Amino acid sequence: MTIYFAPMEGITDGILRQAHNRIFGGVDVYCLPFHKLTESLSLLTREKRDIAPEENEGLNVLPQALTRDPGQLSAWLYYVSECGYSRADFNLGCPSPTVTKRGRGSGLLRDPDTLRSFLDRLFADTLPVSLSVKTRIGYESADEWPELLDLLAGYPFAHVTIHVRTTREQYTGGIHPEAFDLAVQRGIPHPVYNGDLRTPEDVRELLTRCPAAEAVMIGRGLLADPALARRIRGGAEASKEELKTWYMTLYEGWRDRFHETLALGRIKKLMEWPAGDEIRRKRLLRRAKDIESCIDAMIGD
Ligand SMILES: Cc1cc2nc3c(=O)[nH]c(=O)nc-3n(C[C@H](O)[C@H](O)[C@H](O)COP(=O)(O)O)c2cc1C
């Protein structure tokens with residue numbers, strides 16, 4: 001099974017990707033958070049740093065872009081190729097209203113005709129790298145999925161990652177795993193399942209229901225348990241020592257790159273995922289004034 005670490009803007013930067021790979025492993029591909037493309041084609045400093053080969057040394061990464069303009073995407077694919085990568089991903093999944101109202105991300109799903117002409121124009125030329133897509137299963141309703149699926153199946157995507165929610169459903173509430181099964185039945189090439197995989201049992205359940213599933217993408221599950229990919233492969237749970245190293249490495253990396261206060265804020269935000277509903281840990285975390293107290297709050301007894 002191929003395991004992708006989901007892109008999470010503001011969280012899964014190069015520091016986190018490198019630390020995760022070194023300490024826990026188990027992930028095949030680390031997805032880069034999206035580059036928001038603009039008319040001028042200039043990227044933000046943080047976007048350029050994120051895709052730089054030195055930031056991703058030793059990792060298998062998948063850069064991603066968000067745009068509603070096929071010309072911009074095509075130009076960006078040449079840039080990705082110049083950076084030394086051979087594949088990239090197109091974001092059709094972002095549900096943020098500021099993105100969708102401009103017809104970007106999953107906003108493009110609202111209008112299949114516009115999406116079709118976007119893809120027709122994009123694939124009219126040979127692309128310099130192979131292209132995959134990350135999509136949701138509809139904008140308003142899962143009833144849109146069969147038509148969207150047929151549309152996407154008409155283009156030579158290297159793989160199709162399916163977050164089994166609609167745009168309206170954002171990131172919480174019920175999921176529609178049957179939408180993934182439908183993609184498998186219709187023979188979409190290399191479907192990747194995404195949505196709410198939190199434990200090795202969740203992955204086993206997916207494989208029982210859908211034995212043809214060959215790849216999964218995991219986001220929040222890996223933030224809550226950074227050893228999850230390793231455990232899915234039958235490996236060990238995260239030890240206290242590993243977790244300490246994980247938090248310390250992230251804190252020091254972010255402190256050296258940004259600032260102490262920002263690094264502490266970022267680590268506290270990340271720790272909210274493993275803290276889950278544990279009120280005592282959350283309270284200790286809120287009160288923590290330094291990284292040592294944060295780590296104590298998380299892995300102390
Ligand atoms: C804070 C945050 C940032 C995200 N940023 C991106 C992104 O840049 N590109 C993308 O395709 N998806 C992004 N996502 C969606 C995740 O990649 C993933 O599809 C989603 O979290 C569902 O998977 P999960 O249930 O395993 O977390 C983001 C999600 C979160 C919570």
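**View 1. Helix α9 gives the largest share of the lining of the largest pocket, three residues.** The model is predicted, with local features needing pLDDT of at least 70 and side-chain atom pairs pLDDT 80 or more, while totals for chains, interfaces and linings use all residues. Residues are numbered from 1 along each chain, and side-chain values use heavy atoms, without hydrogens or water. Helices (H or I, at least four residues) and strands (E, at least two) are DSSP runs numbered from the N terminus.

**View 2. The largest pocket holds about 680 Å³ of space.** Its lining has 31 residues, and Pro7, Met8, Glu9, Lys134 and Tyr171 are the closest to its centre. Two or more lining residues come from each of β2 (29–36), β5 (130–136), β8 (215–218) and α9 (220–224). On a 1 Å grid over the protein atoms alone, a pocket is an open set of points with protein on both sides within 12 Å along at least five of seven lines, where a 1.4 Å probe fits; lining residues have an atom within 4 Å of a point. The volume is the space filled by probe spheres set on the points, which are joined across faces, edges and corners.

**View 3. The ligand takes up the space of the largest pocket.** More than half of a molecule's atoms must lie within 2 Å of the grid points for it to sit there. Around the ligand are 18 residues, of which Pro7, Asn194, Asp196, Gly219 and Arg220 come nearest; a residue is near if one of its heavy atoms lies within 4 Å.

**View 4. A polar side-chain atom of Asn194 lies 2.7 Å from a ligand oxygen atom.** For Asn91, a side-chain N or O atom is 3.3 Å from an oxygen atom of the ligand.

Conventions. Polar contact = N/O pair within 3.5 Å; in protein donor to acceptor, adjacent residues only side chain to side chain.
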